[in-house]
Amino acid sequence: MSDQPADSTPLRFRRWEQHTEVPLFGASLLFLLGYAVRVLAPHGAQPWHGLALALVGATWLAFAADYVVRLRLSGLGHRFIRVHWLDTVVLLLPLLRPLRLIRVYSAVQQRRERPRLSLYARVITYAGATALLLGFSAALAVYHQEHTAKGASIRTFGDAVWWACETLTTVGYGDAVPVTAGGRVVASGLMACGLALLGAVTGSFSSWLLQVFTREDEKRPPEGG
């Protein structure tokens with residue numbers, strides 16, 4: 001018998017994803033920790049800078065090894081890059097790994113009979129966790145690019161966190177604005193993610209309210225009854 005399931009995805013590929021998503025999410029947190037130390041620790045703070053660099057390099061190698069294994073198990077060949085484009089982007093920009101949180105959640109739920117949270121709660125929880133990790137990652141990246149730039153308004157990590165909150169919520173007061181090319185690239189990506197996450201949360205919350213009101217209307221006795 002073939003090990004090819006109905007959706008044409010090789011069974012070994014599915015099993016690999018199911019067993020590695022959670023450990024790789026842990027590795028992504030370690031990557032973020034190492035990057036944070038590299039960015040925030042004072043220059044010349046040894047051995048922390050060296051340890052952080054080793055941690056970043058080791059975790060990225062783990063991501064690269066996972067990518068190669070999944071490419072081989074998928075059976076797609078060079079088409080893997082197009083079909084799984086998000087995986088390629090995340091490999092090149094590991095700070096975007098929070099976008100794969102939905103894969104982590106799916107891998108965990110496959111080990112259980114039924115989800116513990118409702119659909120709306122799952123969407124809001126996923127969007128909130130993703131926004132938190134992406135915002136922190138973007139704040140680190142923008143601070144790294146901006147704090148020594150001429151004419152920069154983002155001079156401290158606190159400024160960068162405030163900017164990330166403004167951008168994710170689409171408020172944009174304009175008091176903290178990236179001036180470097182790298183900072184503006186990060187800002188563009190965060191704005192796109194912020195709009196998508198905000199739309200997901202708003203839509204889910206609105207649907208939940210409509211569902212609650214509909215149930216209340218159904219329970220209410222008809223007028224004149």
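**Helix packing and the nonpolar core in a predicted model**

From the N terminus on, the elements of this chain run α-α-α-α-α-α-α-α. The structure discussed here is a predicted model.

Trainee: How many helices and how many strands are there in the chain?

Mentor: The order of elements from the N terminus is α-α-α-α-α-α-α-α. The count is accordingly eight helices and zero strands.

Trainee: What percentage of the contacts with a separation of 6 or more is accounted for by residues 24 or more positions apart?

Mentor: The chain has 225 residues, of which 34% count as buried. Among its contacts with a separation of 6 or more, the share from residues 24 or more positions apart is 61%.

Trainee: Are α1 and α2 roughly parallel or roughly antiparallel to each other?

Mentor: These two helices pack with their axes 9 Å apart and at an angle of about 160°. Angles over 145 degrees count as roughly antiparallel. The relation of α1 to α2 is therefore roughly antiparallel.

Trainee: How many nonpolar, polar and charged residues has the contact of α1 with α2?

Mentor: In this pair, α1 passes α2 in a left-handed crossing. By class, the contact has five charged, six polar and 18 nonpolar residues.

Trainee: Which residues make the contact between α2 and α4?

Mentor: Helix α2 (residues 48–74) packs against helix α4 (residues 85–92) at about 155°, with the axes 10 Å apart. The two are therefore roughly antiparallel, and α2 passes α4 in a left-handed crossing. From α4 the contact takes Asp87, Thr88 and Leu91, and from α2 it takes Trp60, Phe63, Ala64, Tyr67 and Arg70.

Trainee: How many residues of each class has that contact of α2 with α4?

Mentor: Arg70 of α2 and Asp87 of α4 are among the residues that make the contact. By class, the contact has two charged, one polar and five nonpolar residues.

Trainee: Which element gives the largest share of the largest nonpolar core?

Mentor: That core holds 37 residues, and those touching the most other members are Tyr35, Phe63, Leu95, Leu140, Ile154, Trp163 and Leu190. The elements that give it two or more residues are α1 (11–40), α2, α6 (119–146), α7 (157–168) and α8 (181–219). The largest share is 10 residues, from α6.

Trainee: Which residues is Trp163 in contact with, leaving aside its neighbours within four places in sequence?

Mentor: Trp163 belongs to the group of core residues that touch the most other members, as do Ile154 and Leu190. With those sequence neighbours left aside, the contacts of Trp163 are Ala138, Val142, Ile154, Ala176, Pro178, Val186, Ala187 and Leu190.

Trainee: Does Thr130 count as buried or exposed?

Mentor: Thr130 is found in helix α6. Beyond four places in sequence, Thr130 is in contact with Pro98, Leu99, Leu101 and Leu197. Its relative accessibility is 0%, so Thr130 counts as buried.

Trainee: What distance separates the C-alpha atoms of Thr130 and Pro98?

Mentor: Pro98 is one of the contacts of Thr130 beyond four places in sequence. The two residues lie 32 residues apart along the chain, and their C-alpha atoms are separated by 5.5 Å.

Trainee: What distance separates the C-alpha atoms of Leu101 and Thr130?

Mentor: Leu101 is found in helix α5 (residues 101–109), and at 11% relative accessibility Leu101 counts as buried. Leaving aside neighbours within four places in sequence, Leu101 is in contact with Phe25, Tyr126, Ala129, Thr130 and Leu133. Leu101 and Thr130 are 29 residues apart along the chain, with a C-alpha separation of 6.9 Å.

Methods:
Residues are numbered from 1 along each chain as its sequence is written. This is a predicted model: local features need pLDDT of at least 70, side-chain atom pairs count only at pLDDT 80 or more; totals for chains, interfaces and linings use all residues. Side-chain values use heavy atoms; hydrogens and water are left out. Axes are lines fitted to C-alpha atoms, for helices over the stretch in contact, and angles run from 0 to 180 degrees between N-to-C directions. Helices (H or I, at least four residues) and strands (E, at least two) are DSSP runs, numbered from the N terminus. Angles under 35 degrees count as roughly parallel, over 145 as roughly antiparallel, 65 to 115 as roughly perpendicular and the rest as oblique. A crossing is left-handed if the near helix is turned anticlockwise from the far one by less than a right angle, and right-handed if clockwise. Contact means heavy atoms within 4.5 Å. Ala, Val, Leu, Ile, Met, Phe, Trp, Tyr, Cys and Pro count as nonpolar, Asp, Glu, Lys and Arg as charged, and the others, Gly among them, as polar. A nonpolar core is a set of buried Ala, Val, Leu, Ile, Met, Phe, Trp, Tyr and Cys residues joined through side-chain atoms within 4.5 Å. Buried means under 20% relative accessible area, exposed over 50%, partly exposed in between (1.4 Å probe, protein chains only).
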